[in-house]
Amino acid sequence: MSADRATAPAPGTASVTVRAPAKVNVQLAVGGRRADGFHALATVFHAVSLYDEVTASTLPASASGEQGTVRITVSGADAAQVPTDGDNLAARAATLLARRAGVPGAVHLHIAKDIPVAGGMAGGSADAAAALLACDRLWGLDTPRATLLELAAELGSDVPFSLVGGTALGTGRGERLTPVEVGGTLHWVFAVADGGLSTPAVYAECDRLRRTDGGGDGEADVPAPEAAPELLAALRAGDAKAVGAALANDLQPAALSLRPALAATLRAGREAGALGALVSGSGPTCAFLAEDAEAAGRLATALEASGTCRAARTATGEVPGAVLLAAADSP
Ligand code: ATP
């Protein structure tokens, strides 16, 4: 029997599906490396309508003999690139929640993957956020929101935003969130690349470029990262043209250094009339802003015809963070 979201009772629930969105950083200001190895960030996260779905189901008794067994399966075009062992961020989320709540934590997590893998769109973080919510519900824990956000921050800098969604300024290493007002729907096109980029490798390249370009110890001179007032004003006004002009990503030179072909992708989108273009997060996905849905469709067609990307996906923002889609009771 299938029951609808929050109204379904948790006891006896056998499977829960949660959907979580991808993100684009409309601004990513990267400060110096902190003592803990993370970089200080000021970043404006924006959730967009590309989603992964995570279904958490009770493992049959035969499979759950071992305390804490998490079984991961993945479907979708990029499924082969997603780890199915304990390294999967969704598995780590389930294990962390179980440990914190003192429950056995045996669960099967199925990830229906639509967010590009290692694409700078926080796909793994979306799955972790979705797994936290889904397992919380499956195990009937009713964990307070503040605790879920703490667990999310332990799992990764982008995970709290995947829970919250919308548009938010992230400070610290990106995990401290303040909502940002957006005055209208933004229409996006995402050019998906062949192969991913490792986020730590892109940060390392950013540090290397700063040392080389800045001469001497370039990192010591990096100013404290701050949100750009003109971007925040443009978002508040829902002025897509002004948002397009204010898009900024300090990791872009590093992503372009590691993947020079992305320059052609960004150029193709700009030449096809994008209001703004940038590498999404650590890349290699490139994000383009369009005036409206029709312009986004035209831009996607032009990008695919340019041969500079694997595929072009249209999406809108902002959208909510992780949400419960369905809960099915055990027979
Ligand atoms: P971010 O934008 O948060 O830096 P990303 O979008 O660039 O991340 P992800 O799709 O999250 O990258 O994947 C980064 C790496 O994490 C992958 O190469 C993969 O090995 C690993 N990974 C672990 N769990 C997952 C998951 N559930 N989905 C995708 N990748 C995962």
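Residues are numbered from 1 along each chain as its sequence is written, and side-chain values use heavy atoms, with hydrogens and water left out. Because the model is predicted, local features need pLDDT of at least 70 and side-chain atom pairs count only at pLDDT 80 or more, whereas totals for chains, interfaces and linings use all residues.

The ligand is surrounded by 22 residues, a residue being near a molecule if one of its heavy atoms lies within 4 Å of it. The closest of these are Ala118, Gly120, Gly124, Asp158 and Thr199. By type, the shell comprises 9 nonpolar, 8 polar and 5 charged residues, where Ala, Val, Leu, Ile, Met, Phe, Trp, Tyr, Cys and Pro count as nonpolar, Asp, Glu, Lys and Arg as charged, and the others, Gly among them, as polar. Helix α2, which spans residues 123-138, gives the most to this shell, with 4 residues; helices (H or I, at least four residues) and strands (E, at least two) are DSSP runs, numbered from the N terminus.

A backbone N or O atom of Leu89 lies 3.0 Å from a ligand nitrogen, while a polar backbone atom of Gly124 is 2.8 Å from an oxygen atom of the ligand. For Gly119, a backbone N or O atom is found 3.5 Å from a ligand oxygen. Of the 610 Å² of accessible area that the ligand has on its own, the protein covers 78%, with areas taken from the Shrake-Rupley method with a 1.4 Å probe.

The ligand sits in the largest pocket, in the sense that more than half of its atoms lie within 2 Å of the grid points of that pocket. On a 1 Å grid over the protein atoms alone, a pocket is an open set of points where a 1.4 Å probe fits, with protein on both sides within 12 Å along at least five of seven lines, and lining residues have an atom within 4 Å of a point. The largest pocket holds about 1,100 Å³ of space and is lined by 40 residues, of which Leu89, Ser125, Asp158, Thr199 and Pro200 lie nearest its centre. Two or more lining residues come from each of β2 (13-33), β3 (39-58), α1 (89-101), α2 and α5 (199-214).

Elsewhere, a cis peptide bond with omega of about 10° joins Gly283 and Pro284, and Pro284 is found in the loop between β10 (276-279) and β11 (286-290).

Definitions and conventions
Polar contact = N/O pair within 3.5 Å; in protein donor to acceptor, adjacent residues only side chain to side chain. Points joined across faces, edges and corners; volume = space filled by probe spheres on them.
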